[in-house]
Amino acid sequence: IRGKEKDEEAFIEAMNDLSEPEAGKVLPSVRGLKGNHFLDVGCGPGSWTLAYLQLNPSAKATLFDRPHVVSMAEKRIQAAGLSSRVDLVPGDFYKDPLPSVGADLAWVSAIAHQNSREQNRELFAKVFAVLAPGGQIAIRDIVMEESRTAPLGGALFA
């Protein structure tokens with residue numbers, strides 16, 4: 001109704017509305033989730049990166065998403081006073097190479113449920129290829145049934 005760009009902007013804002021209150025609760029509860037450089041693949045509004053950086057004051061982060069989405073995340077990063085700890089890299093993880101920044105922790109959130117198994121294998125291989133030796137991939141998502149219509153929350157979100 002408002003046009004593709006405005007609709008997508010509203011979707012990204014809705015992602016933040018869902019993620020922001022959860023990120024500060026979820027991240028501290030995940031054992032072993034530490035790293036000096038956090039790569040947020042498909043960063044959306046940057047909610048998870050902000051929470052990670054607040055929990056890990058010496059960490060740095062790289063956010064990767066399409067250019068207009070990265071600019072939305074940049075506003076949140078600036079408002080939080082964390083610009084000096086964040087690099088913003090525009091790109092499309094389906095088409096473009098991921099930034100090779102030596103990240104020891106890559107975050108892939110709310111992407112896998114919308115992909116086929118083949119797309120996920122390709123994406124995870126791309127992510128693994130840019131990690132520092134010993135780096136980890138953390139995946140936060142909804143596991144969809146084969147029909148791709150359940151669970152309902154995942155089907156509605158995709």
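This report describes the fold, the surface and two local features of a predicted protein model.

## Overall layout

The protein chain holds five helices and five strands. Read from the N terminus, its elements follow the order α-β-α-β-α-β-β-α-β-α.

Take the contacts between residues at least 6 apart in sequence: 69% of them join residues at least 24 apart.

The protein chain has 158 residues, and 43% of them are buried. Its accessible surface comes to about 8800 Å². Carbon and sulfur atoms account for 55% of that surface.

## An enclosed helix

Helix α2 spans residues 47-55. Seven of its nine residues are buried, so the rest of the structure largely encloses this helix. A residue counts as buried when its relative accessible area is under 20%.

Which residues of α2 are buried? They are S47, W48, T49, L50, A51, Y52 and L53.

## A parallel strand pair

Strand β4 covers residues 103-109, and strand β5 covers residues 131-140. The two strands run parallel, and six bridges join them. Within this pairing, W107 stands opposite A138 in β5.

Helix α4 covers residues 117-130. Together, β4, α4 and β5 make a β-α-β unit, and this unit is right-handed.

Conventions:
Residues are numbered from 1 along each chain as its sequence is written. This is a predicted model: local features need pLDDT of at least 70, side-chain atom pairs count only at pLDDT 80 or more; totals for chains, interfaces and linings use all residues. Side-chain values use heavy atoms; hydrogens and water are left out. Buried means under 20% relative accessible area, exposed over 50%, partly exposed in between (1.4 Å probe, protein chains only). Helices (H or I, at least four residues) and strands (E, at least two) are DSSP runs, numbered from the N terminus. Contact means heavy atoms within 4.5 Å. Accessible areas come from the Shrake-Rupley method with a 1.4 Å probe; for residues, only the protein chains shown count as cover. Two strands pair if DSSP finds at least two bridges between them. A crossover is right-handed if, with the strands pointing away from the viewer, the path from the first strand over the helix to the second runs clockwise.
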